[in-house]
Amino acid sequence: MFFCPYFFRSAPVSYLRILHAVPDAPKVDVYLNDKLVANNLAFKQFTEYLSVIPGYYNVKIYPAGNTANPVINTSFFASGNNIYTAAAIGLLKNIYLKVIEDTPMAIAPNKTMIRFVHLSPDAPMVNVVLPNKNIGFENVSFGEVTNYKEMSPGISTIQISAAQTGNVVLMSPNARFGPNKFYSIYAVGLAGGNPPLQILLPLDGNSYIKF
């Protein structure tokens, strides 16, 4: 019998989750290659990670219960052995999809990796500081995703201030960061309206998805 070593190797796979980060948009339904993958997804909600094979994917997003006129109709390429968060961002009048890589990488034992993702469409460029962790991100504009930084795990306050004036626009106390984990600090909502500016602190998939 002929033995092929490649037959038993796992095929490449990717993982994708969807985030609704459009503050003035209603609940939405999300289709991936015309297959419904999320329904009634509300502002600030993430889907679970979906496993997908590498390749091109069309993403259509509709107001929940409607399949006539998508508010987003776009495509992206998912490479093998990667992890993505696809975020609907902006305001309803100029909504678009931003694909963010939750990059698999090594982490030092008993350390935490964090980054900042600016998704508040009317907020200015900001600085983000975790004072008691002596770590921060400077001059982050709307739509920008910082690189990960290493810190010690524990509880910290997250402070967001306008980069040009230094005025604090948001304080979020008692944020918990576990060891051997990756987190993205997402700023969503409106700096000058409702829903107000707020923070989402999900555990990124590179914390537990291994290839």
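Which residues of β7 lie on one side and which on the other, and are they buried or exposed? Before I answer, note that this is a predicted model.

On one side of β7 we have Ile83, Thr85, Ala87 and Ile89, and on the other Tyr84, Ala86 and Ala88. Every one of these residues is buried, so both faces of the strand are covered, where buried means under 20% relative accessible area. In a regular strand the side chains alternate between the two faces of the sheet. Counted over the whole strand, residues 83–89, that gives 7 of 7 residues buried.

Now the partners of this strand. β7 pairs with strand β1, residues 14–20, in the parallel sense, over 6 bridges. Threonine 85 was in the list for one of the two covered faces.

β7 also pairs with strand β8, residues 96–101, and here the sense is antiparallel, again with 6 bridges. Isoleucine 89 has tyrosine 96 as its bridge partner in β8. β7 and β8 form a hairpin with 6 residues between the strands. In that hairpin, glycine 90 has a positive phi, near 95 degrees.

Strand β10, residues 126–130, and strand β11, residues 135–140, pair in the antiparallel sense over 4 bridges. Opposite leucine 130 you will find isoleucine 135 in β11. This hairpin has 4 residues between the strands, and asparagine 134 is the residue with a positive phi, near 55 degrees.

Next, two single residues. Serine 161 sits in strand β13, which covers residues 154–162. Is serine 161 buried or exposed? Its relative accessibility is 9%, and therefore it counts as buried. Setting aside neighbours within four places in sequence, serine 161 is in contact with Met125, Val126, Asn127, Gly166, Asn167, Val168 and Val169.

Isoleucine 199 has a relative accessible area of 19%. The cut-off for buried is under 20%, so isoleucine 199 is buried. Which residues does isoleucine 199 touch, not counting those up to four places away in sequence? They are Ile158, Ile160, Leu170, Ser172, Ile185 and Tyr186. For a distance across the model, compare isoleucine 199 with leucine 92: they are 107 residues apart in sequence, and their C-alpha atoms are 20 Å apart in space.

Finally, the chain as a whole. Its secondary structure comes to 0 helices and 16 strands. The radius of gyration is 19 Å, close to the 17 Å that the globule rule gives for 211 residues, so the chain is as compact as a globular protein of that length. The C-alpha trace spans about 70 × 50 × 25 Å along its principal axes.

Of the 211 residues, 45% count as buried. Among contacts between residues at least 6 apart in sequence, 59% join residues at least 24 apart. The chain exposes about 10,700 Å², and carbon and sulfur atoms supply 52% of that. On charge, there are 15 positive and 11 negative side chains, and the centres of the two sets lie 6 Å apart.

That is the end of my part.

Key
Residues numbered from 1 in each chain as written. Predicted model: local features only at pLDDT ≥ 70, side-chain atom pairs only at ≥ 80, totals over all residues. Heavy atoms only, no water. Buried < 20%, exposed > 50% of the residue type's maximum accessible area, 1.4 Å probe, protein only. Pairing = 2+ DSSP bridges. Rg over C-alpha atoms; globule rule 2.2 N^0.38 Å. Contact = heavy atoms within 4.5 Å. Areas by Shrake-Rupley, 256 points an atom, 1.4 Å probe, with all protein chains shown as cover. Lys, Arg positive; Asp, Glu negative; His and termini not counted. Charge placed at Lys NZ, Arg CZ, Asp CG, Glu CD.
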